[in-house]
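Okay, everyone, thanks for coming. Let me put the structure up on the screen, and then we'll walk through a few parts of it.

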Amino acid sequence: MFRVSGKKAVATAALGAALVLTMSGCGTAPWAVGTTSAATSTKTSTPTPKATITSIVNELATGSAQHQLQAGDAALTANYWSTLSMDQWKADANKPISFSLIGALGTDEGQGVYLSRVSLVVAVSGPKGSLESPAPLSDQSTVAPGYDIKSPYSYSQTFILPAVDPAATSVTLSFTYELLIQTTPTSGAYAKQTASDQITIAIAE
């Protein structure tokens, strides 16, 4: 059996420690293996922008629309339709819009309900916003105090929308109904009430 003197053993141990430190300084820690390469290989991708799809409202897509309105004590039912099919509602065409109005009183003591005037304002829209609109349309009652619209009676009318800008994609029709409601069944006095309504119709390409 060989023995190593004390000084030689210390020198040998020191040399071994130095080698371990040197080798450790040049290598990569076990838990870090693969981390650097994975991190550097990761790429940031830029999302591809998607095209924006703009839907156009068409309340007459099913052929007709019905709206419930309120004017003071009068409950109104407005129906809208067109004799021209929706695929023919083109910018350069004359476009008929038909509508009817019927009313009922919440507190009905036999008073009359009359339509004195109806007016229509047309707003035209295109891909970039509002476009020039045609002149307003209206129907003023020719009888006093107005057209009787109390159920079972009703008012019906058709307005013709003229040609609009070729870039138009839709029209919004704003209706204003001016009513006269009899204060008592035998009175010659009337209360004026107003109801407003809107309907949007797409313009066919």
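**Strands and rings**

So, Ser64 has Trp81 in β2 as its bridge partner. Before I go on, this is a predicted model, where local features need pLDDT of at least 70, side-chain atom pairs count only at pLDDT 80 or more, and totals for chains, interfaces and linings use all residues. Residues are numbered from 1 along each chain as its sequence is written, and side-chain values use heavy atoms, with hydrogens and water left out.

Back to the strands (DSSP runs of E, at least two residues, numbered from the N terminus). Strand β1, residues 64-71, pairs with strand β2, residues 74-81, in the antiparallel sense over eight bridges; pairing here takes at least two DSSP bridges between the strands. The two form a hairpin with two residues between them, and Gly72 in that turn has a positive phi of about 60°.

On to β3, residues 95-105: this strand runs antiparallel to β2, joined by eight bridges. Look for Ala75, which stands opposite Ala104 in β3.

Now the rings. There are nine aromatic pairs in the structure, meaning Phe, Tyr or Trp rings (six-membered ring for Trp) with centres within 6.5 Å; planes under 30 degrees apart are stacked, over 60 edge-to-face, the rest tilted. Take Phe99 and Tyr155: their ring centres are 6.1 Å apart with planes at 50°, so that pair is tilted. Phe99 sits in β3 and Tyr155 in β8, residues 155-161, so this pair links distant parts of the chain, 56 residues apart. Both Phe99 and Tyr155 are buried, that is, under 20% relative accessible area with a 1.4 Å probe, protein chains only (exposed is over 50%, partly exposed in between).

Finally, ring pairs link Tyr80, Phe99, Tyr147, Tyr155, Phe159, Phe175 and Tyr177 into a cluster.

Conventions:
Helix = DSSP H or I, 4+ residues; strand = E, 2+ residues; numbered from the N terminus.
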